[in-house]
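Hi,

Here is the structure I promised to pass along. Have a look at it first, and my notes on what turned up follow below.

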Amino acid sequence: MFGGDTSALDRSDDVLDAVEARLSMARGKVLHVRFLNGREENSQEVAFFECAAELYRRLEDASGEADALFWIGCWHQVVKRDGTTGRPYFEQSYALAKSVDDRMTMSYAIRHLGFADKDAGRLDLARERLTESVSLRREIGFRPGEAAGLVALAYLAAETGNRPVALQYLDEAQAVAQSCGAKAVSGWVEQARTSMRA
């Protein structure tokens with residue numbers, strides 16, 4: 001206003017849109033964690049992610065849009081228990097993330113496509129996708145995510161009647177979780193062991 005740099009006005013919308021997109025993502029994720037802890041749905045969660053996806057699309061930020069699309073899919077699959085509706089969001093998320101080599105988002109999208117395949121009875125494809133997710137997380141050094149992925153593979157192995165392999169996955173998951181202080185994942189390992197003894 002005082003300096004007379006009118007070019008700042010041209011840049012301001014994009015700068016503010018980027019800030020709003022990040023804030024929308026953060027608010028949506030907070031609501032998702034609250035859902036996981038209390039199982040109380042809040043429809044604002046998906047609205048925040050949809051807002052972020054639109055802003056990132058406008059900004060031509062493929063990585064940000066891929067992340068937002070993943071979370072929209074996650075809302076449908078996890079909160080609404082509707083993996084069919086969530087699937088196209090995961091597919092779009094994976095493709096966009098791959099186009100910019102965003103392996104973190106790829107690991108999330110392919111993981112949840114694996115869950116969708118598991119629910120649909122496509123167990124071989126589910127295994128492939130869950131394995132890819134673990135591999136991507138290893139490549140980028142995302143140790144807590146790697147441990148979580150191994151737990152998912154353990155459940156799948158148990159479901160297909162391969163208990164020895166399931167227990168191997170749990171042992172590996174426990175070692176990885178302990179090495180990086182992922183206490184929540186260590187808890188998931190114990191829950192999985194208990195369910196497999198039952």
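Let me start with a helix pair. On the H3 side, the residues in contact are Ala62, Glu65, Ala66, Leu69, Phe70, Ile72, Gly73, Cys74, His76 and Gln77, and they meet Gly83, Thr85, Gly86, Tyr89, Phe90, Gln92, Ser93, Leu96, Ala97 and Ser99 of H4. Keep in mind that this is a predicted model.

How do H3 and H4 pack, in angle and axis distance? The angle is about 165 degrees, and the axes lie 8 Å apart, with H4 covering residues 83–99. Since angles over 145 degrees count as roughly antiparallel, H3 is therefore roughly antiparallel to H4. The crossing between H3 and H4 is left-handed.

Now the whole chain. There are nine helices and zero strands in the protein chain, so if you read the elements from the N terminus you get α-α-α-α-α-α-α-α-α. The C-alpha trace spans about 70 × 35 × 35 Å along its principal axes. Of the 198 residues, 41% are buried. As for contacts between residues at least 6 apart in sequence, 54% of them join residues at least 24 apart.

Next, H1. This helix runs over residues 7–38, which is 32 residues. From first C-alpha to last it reaches 47 Å, close to the 46 Å expected at 1.5 Å a residue. Where does H1 bend? The bend is at Asp13, by about 25 degrees. The buried residues of H1 are Asp17, Ala18, Ala21, Ser24, Met25, Gly28, Leu31, His32 and Phe35. The buried residues of H1 pack against H2 (44–59) and H3 (62–79). Just after H1 comes Arg39, with a positive phi of about 60 degrees.

Is Leu55 buried or exposed? Its relative accessibility is 4%, and buried means under 20%, so Leu55 counts as buried. Leaving out residues up to four places away in sequence, Leu55 touches Asp17, Glu20 and Ala21. Asp17 and Ala21 are also among the buried residues of H1. For a distance check, Leu55 and Arg122 are 67 residues apart in sequence and 35 Å apart in space, C-alpha to C-alpha.

H5 contributes Arg111, Phe115 and Lys118 to the contact, while H7 contributes Ala148, Gly149, Ala152, Leu156 and Glu159. This crossing, too, is left-handed.

Two residues from these helices are worth a click. Asp119 is in H5, and it counts as exposed because its relative accessibility is 62%. Asp119 and Thr131 are twelve residues apart in sequence, with 16 Å between their C-alpha atoms. Glu146 is in H7. What about its accessibility? With a relative accessible area of 5%, Glu146 is buried. Which residues does Glu146 touch, not counting those up to four places away in sequence? They are Val134, Arg137, Arg138 and Val176.

Val176 leads on to H8, where it is one of the buried residues, along with Ala166, Leu170, Ala173, Gln174 and Ala177. H8 takes in residues 163–180, has 18 residues and reaches 26 Å from first C-alpha to last, close to the 26 Å expected at 1.5 Å a residue. The buried residues of H8 pack against H7 and H9 (183–197). Just after H8, Gly181 has a positive phi of about 70 degrees.

That is what I have for now.

Cheers

Note on methods
Residues numbered from 1 in each chain as written. Predicted model: local features only at pLDDT ≥ 70, side-chain atom pairs only at ≥ 80, totals over all residues. Heavy atoms only, no water. Helix = DSSP H or I, 4+ residues; strand = E, 2+ residues; numbered from the N terminus. Expected span 1.5 Å × (residues − 1). Bend = angle between axes of the 7 residues up to and from the residue. Buried < 20%, exposed > 50% of the residue type's maximum accessible area, 1.4 Å probe, protein only. Contact = heavy atoms within 4.5 Å. Left-handed = near helix turned anticlockwise from the far one by under 90°. Axes fitted to C-alpha atoms, helices over the stretch in contact; angles between N-to-C directions. Parallel < 35°, antiparallel > 145°, perpendicular 65-115°, else oblique.
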